[in-house]
Amino acid sequence: NDAFFTIQAKDAQGNNKITESERDDASNIFSVDLVGPATYAANIEYIGDGAYKVDYTALKSGHYSVHVKTAGTEIYCGLGEADKCSPFSLFVEPGLTVAQTTEAESKAAPGMDSLVEASTGDTASFSIQAKDTYGNNRITGGDAFVTMMTLQSDPDVQYRGTLLDLNNGSYVVTYTVPTAGFYDMSVTYGDEEVLTCTNAYEGEKGYLFDRDYDGVDVYVTPPFCTHNVPTLEVVHSALHPPSTTVVDGATSGLSEAITGITNFFTVESRDAFGNIRAGDDTPNFDGGYGDGKSDFFLVEL
């Protein structure tokens, strides 16, 4: 809804001032302009008895000066020129948080983009900037964002992120996944997917917290942000000897052997969570934590 207030015209003695011209055209008597992060001209309507209804719609949040003028001069409110009341101070708050414009992003360089890549056991994080329907960045907390990672090969395996509310409209999500694989990375608000910004670059759009509605041009979501659920690739972590396993071969090489005949068994290199160290890596984690070829084991008979 539009915001509004009322101007009561008065003469020098404080009487309500009513003239025929005021009834005819209020814009000839008063002008009201909001000046701040954006500029807006208010609509003025004469409502009787020397009173005028002033309504306006501000789309850009922030601090404004409200200039109420008559014949080009700021009104005094009966306080004299030195202590005149106009311009007034106004703060326009952002609207309610909506999923359609809210953005989640991980600052990849020089590390991994935590919306699409992670390693088992490591704590990963990304940020959320809550926005209203116009793209204004929210400035207070209290929003309930939910981050859920679902293993694509087994939807019964899910991990939930932990939300840290910074109480300024921004949030930090941290998570740890112990099982390597590919996951659906879902970030929701009110059961709706927020925009996930993957492979983000700073460029002219800036980082997550630098992007905001400017009050002039319609806020445009960066091209690397989408409501589609991204795929999170989780790769194995470093070698963990206590979790490493051995598998007996067809010749039962761990328990019996025959002189002069080569026997064998297999050592399965694993991380602390039992994931095979196959050498998986990600675009921003080239080489990962290595693989079994880089691991060394001593076998003594």
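Strand 1, residues 3–8, and strand 5 pair in the antiparallel sense over six bridges; two strands count as paired if DSSP finds at least two bridges between them. Strands here are DSSP runs of E with at least two residues, helices are runs of H or I with at least four, and both are numbered from the N terminus. Within this pairing, alanine 3 stands opposite tyrosine 56 of strand 5.

Before I continue, a word on the source. This is a predicted model, in which local features need pLDDT of at least 70 and side-chain atom pairs count only at pLDDT 80 or more, while totals for chains, interfaces and linings use all residues. Residues are numbered from 1 along each chain as its sequence is written, and side-chain values use heavy atoms, with hydrogens and water left out.

Strand 5 also pairs with strand 4, residues 43–48, through five bridges in the antiparallel sense. In that pairing, valine 54 of strand 5 is the bridge partner of isoleucine 44. The two strands form a hairpin with two residues between them, and aspartate 49 in the turn has a positive phi of about 55 degrees. Why is strand 5 largely enclosed by the rest of the structure? Five of its six residues, in the range 51–56, are buried, so the remainder of the structure largely encloses strand 5. By buried I mean under 20% relative accessible area; exposed means over 50%, and partly exposed is in between, with a 1.4 Å probe and protein chains only.

Leaving aside neighbours within four places in sequence, serine 31 is in contact with Ile44, His67, Val68 and Lys69, where contact means heavy atoms within 4.5 Å. Serine 31 counts as partly exposed, at 28% relative accessibility.

Six strands form an open sheet in the order 14-15-11-9-18-19, with mixed pairing. Strand 14 (162–165) and strand 19 stand at its edges with a single partner strand each, so one side of each has no neighbour in the sheet. As a reminder, strands of a sheet pair through backbone hydrogen bonds, either parallel or antiparallel. Inside the order, strand 11, residues 124–129, and strand 15, residues 170–175, pair in the antiparallel sense over six bridges. There, alanine 124 stands opposite tyrosine 175 in strand 15.

Between strand 18 (195–197) and strand 19 (225–226) runs a loop that contains threonine 198. Is threonine 198 buried or exposed? Threonine 198 is buried, with a relative accessible area of 15%. Not counting residues up to four places away in sequence, threonine 198 touches Asp113, Leu115, Val116, Phe224 and Pro230.

Finally, the chain as a whole. Its secondary structure comes to one helix and 22 strands. The C-alpha trace spans about 120 × 35 × 30 Å along its principal axes. The radius of gyration is 32 Å, whereas a compact globule of 301 residues would have one near 19 Å; the value is taken over C-alpha atoms, and the globule rule is 2.2 Å times the number of residues to the power 0.38. Of the 301 residues, 38% count as buried. Among contacts with a separation of 6 or more, 67% come from residues 24 or more positions apart.
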